[in-house]
Amino acid sequence: MADEHASGKGSAQRNWVSLIPFGLHQQHPNNYKDILDAVWENRDNLGYAYRILRDGCCDGCSLGTTGMHDWTMKDLHLCWVRLQLLRLNTMPAMNWRRLEEVAPLRSMKGKALRKLGRLCVPMIRHRGDRGFRRVSWEEAIRLIVQRLRVTDPHRLGWFLTARGITNEAYYAHQKVARFIGTNHIDTSARICHAPSTAALKETIGCSATTCSYRDWIGADLLVFVGANPANNQPVTLKYLYKAKKAGTKILVVNPFVEPGMERYWIPSVAESALFGTKLADDFFHIHVGGDIPFFYGVLKHLIEQDWLDRNFIIARTVGWEDLQSKIRDLPWENLERGAGVTRNDMYRFAQTFGKARHAIIVWSMGITQHRYGTDNVKAIVNLQLARGNVGRPHTGLMPIRGHSGVQGGAEMGAMPSAYSMDYPASDQNAALFAMPEFWGFHPPSWKGLGASHMILAAERGEIDVLWQSGGNFLETLPEPDRVRQAFGNISLRVHQDIVVSSAMLEEPADLAVLLPSRTRYEQHGGGTETSTERRIIYSPEIPGPRPGEARDEWEIPVMVARRFDPEQAAKIFPWRDTHDIRHEIERVCPTYRGIAVLYKKGDQVQYGGLNLMTDRFETPDGKGRFTPIDLPEETIPKGRFFLTTRRGKQFNSMVGAEIDPLIGAARDSVLMASEDATRLKLGAGDSVILRNELGEYRGRIVLERVKPGSVQVYWPEANNIIPAGRLDPCGIPDYNAAVEIVSASG
Ligand code: SF4
């Protein structure tokens, strides 16, 4: 185990934050309170809650667990995200009669709606109805199929969230969607890591993380870019603690000096809980969107100092000469202006990076959620290839995922462009899948739409049916009013879910159907998820209560397929449980070989092993590709600020607390640099209006270490001033905007 590395290199005290125990004098999460809160919240079902924690695979972020353990360390693996999500699994069925009248529910916030309890019976609502009416499963499925039969598949969209959904359910949904004839199928990966998927596929031939978490511990260097794991993947902080103990250095590149990356009090490590742990060794305070110029500047230094792995470049890559000549021509002034840091800052980074024998770069949505997100990822790949940092232990490229289902969802084919990760959608593969040993029907090969494009198409009146399994576009996509209008054009909306969301309450153009779903822990035969490190982990069915008439997540679309074409479906969907689905996945997705034999707690298989691409890349010629990307042009009109978004104590758009525990800021906070506030004659606590062509957002100034010229606000609250149509080439919205800031008091 990687723990063996953590045997005490470096002086312990050097990394302490303070002698004041438990960081009582500083703002940071109180994880002990989170545990007590979880016990209180689940007090009516404590036995079941404990069994989920003890035996299930966490349905939170994508680190992946078996019970409360993992494959990186021997210690306990548990965090507040998981504790907070627990209630979604243990809460009793809701009083479904509350849905008979939606008006009172429409004023409730997401958290209050979730607290109503679990959806437990199928319900329908026609246009003009005051609310939903209870129906049988038989009637709900009949109504859906009736409409699907008369719907052009090009006008049918299918979306799945990443919250807790298992690989088996993703696979079943996408196969049913394609059986009905559409390629417009997507997951919430499209609004988080699609640029990582696209860029990695293009440059190294595989869109997954190339290394494992245990590689962090013992690496010379870890670099975090545009990531805030303290809020989004909390247990990584424990990995970082162990990495520091093993002598690993940590660099952070970000427009906000995240306190959670500077220091943290890890509750289950006595030393850290008492004295805190300093994490980042150095910080690079770049502009929002300054990543490409920053990494180009670093590469320019690496070239000038000859801190390159030339053997690796010659033997294993193509495109270096083009990239090198592009970099040589880039003036330092342009790079400094774009990055927002000096040439010397970039040298400091290059020096540490260029001298590290092993380095891993970890990135998240600060990199991807830009209109040039794919290029941002390619800039990271350029850097790692130049140093030969792929394929060896303790090196790698890691797009860290925030949700347990994100990695597996796309790999199972719940995306427009592939039937499974091994088979892109194409005429040739459609013909292959038509053979009986594959699917036995001809899936569509036309170009399907991703999530953002589906909603834009609905706005134009081009989508008639939208199936949503979890998720809430009204909260997750920019410009919610436009999403609302788009919903108004969709004749049939199907919401398969476990709890009530605001999107369900929107008046349908014709019909809205609610289908109650079981969670991963309730699913017959259990299910699997794939973690960021490519580990396919089995999560068993956990004995406990089941809410009302809810059905397994995979089974619901299959019921539709069986009614849509009973004769064909009997052959194509012969599954009795998830075990049967795993056997089929094994057959049609060779990368997932081994999934068929996962059937009990602790079973897992990591495809590709600990490190991918140890001797060749997965591109057709086996070479990694350098990319001479262009510098992005980000022109913020004079007098405006570059607004970007951050996450607090939340899971996706599910906000768990009104205060961000890392900085003590409320959800309406506008994080601003002191010098900007002084210039605008504003102070901490002042009410301000952020406005642009789309509208206004009201908030309060919090003085923080954000890059001057930019402000940070909480997502999804500020979605109304984020433009909807500004997308990266792979369809991810650019969650940034230019805004003017004025005092609300005139
Ligand atoms: S860090 Fe992620 S996988 Fe681990 S317990 Fe928390 S939410 Fe679950």
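Reader: Starting with K115, is that residue buried or exposed?
Author: K115 is exposed, at a relative accessible area of 56%, where exposed means over 50%, buried means under 20% and partly exposed is in between, using a 1.4 Å probe and protein chains only. Please keep in mind that this is a predicted model, in which local features need pLDDT of at least 70 and side-chain atom pairs count only at pLDDT 80 or more, while totals for chains, interfaces and linings use all residues. Residues are numbered from 1 along each chain as its sequence is written, and side-chain values use heavy atoms, leaving out hydrogens and water.

Reader: Switching to the ligand, which residues surround it?
Author: The surrounding residues are C58, G60, C61, L63, G64, H77, C79, V81, R82, P234 and V235, a residue being included if one of its heavy atoms lies within 4 Å of the ligand.

Reader: How do the residues of that shell divide?
Author: Seven are nonpolar, three are polar and one is charged; here Ala, Val, Leu, Ile, Met, Phe, Trp, Tyr, Cys and Pro count as nonpolar, Asp, Glu, Lys and Arg as charged, and the others, Gly among them, as polar.

Reader: With cysteines in that shell, how many disulfides does a search of the whole structure find?
Author: The search finds zero disulfides, a disulfide being a pair of cysteine sulfur atoms within 2.5 Å. C79, one of the residues around the ligand, counts as buried at 15% relative accessibility.

Reader: OK, charges next: to what does the count of salt bridges come?
Author: The count comes to 46 salt bridges, each one a side-chain nitrogen of Lys or Arg within 4 Å of a carboxyl oxygen of Asp or Glu. One of them joins the side chains of R646 and E258 at 2.5 Å, N to O. That pair links distant parts of the chain, 388 residues apart, with R646 in strand β22 (residues 641-646) and E258 in the loop between β6 (249-254) and α11 (259-262).

Reader: In that pair, is R646 buried or exposed? What about E258, buried or exposed?
Author: R646 is buried, with a relative accessible area of 3%, and E258 is buried as well, with a value of 5%. Another salt bridge brings together the side chains of D603 and K600 at 3.1 Å, N to O; there D603 counts as buried at 12% relative accessibility, whereas K600 counts as partly exposed at 41%.

Reader: Which residues are linked in a network of salt bridges?
Author: R106, D481, R484 and E506 are linked in such a network.

Reader: And the nonpolar patch on the surface, which residues form it?
Author: I20, F22, L24, Y32, I35, V39, L46 and L274 form the patch, with about 700 Å² of accessible area together. Patches are made of residues with over 30% relative accessible area and no salt bridge, joining like charges within 9 Å and nonpolar side chains (Val, Leu, Ile, Met, Phe, Trp, Tyr) within 5 Å, and the areas come from the Shrake-Rupley method with a 1.4 Å probe, where for residues only the protein chains shown count as cover. Helix α1 (residues 31-41) gives the largest share of the patch, three residues. V39 has its place in helix α1 and is partly exposed, with a relative accessible area of 42%.

Reader: Last topic, the backbone: what kind of peptide bond joins W715 and P716?
Author: W715 and P716 are joined by a cis peptide bond, with omega about 15 degrees, and P716 is found in the loop between β30 (710-714) and β31 (736-743). Most peptide bonds are trans, and most residues other than glycine have a negative phi. H394 is not a glycine, yet has a positive phi of about 65 degrees, and E479 likewise has a positive phi, near 50 degrees.

Methods: Helix = DSSP H or I, 4+ residues; strand = E, 2+ residues; numbered from the N terminus.
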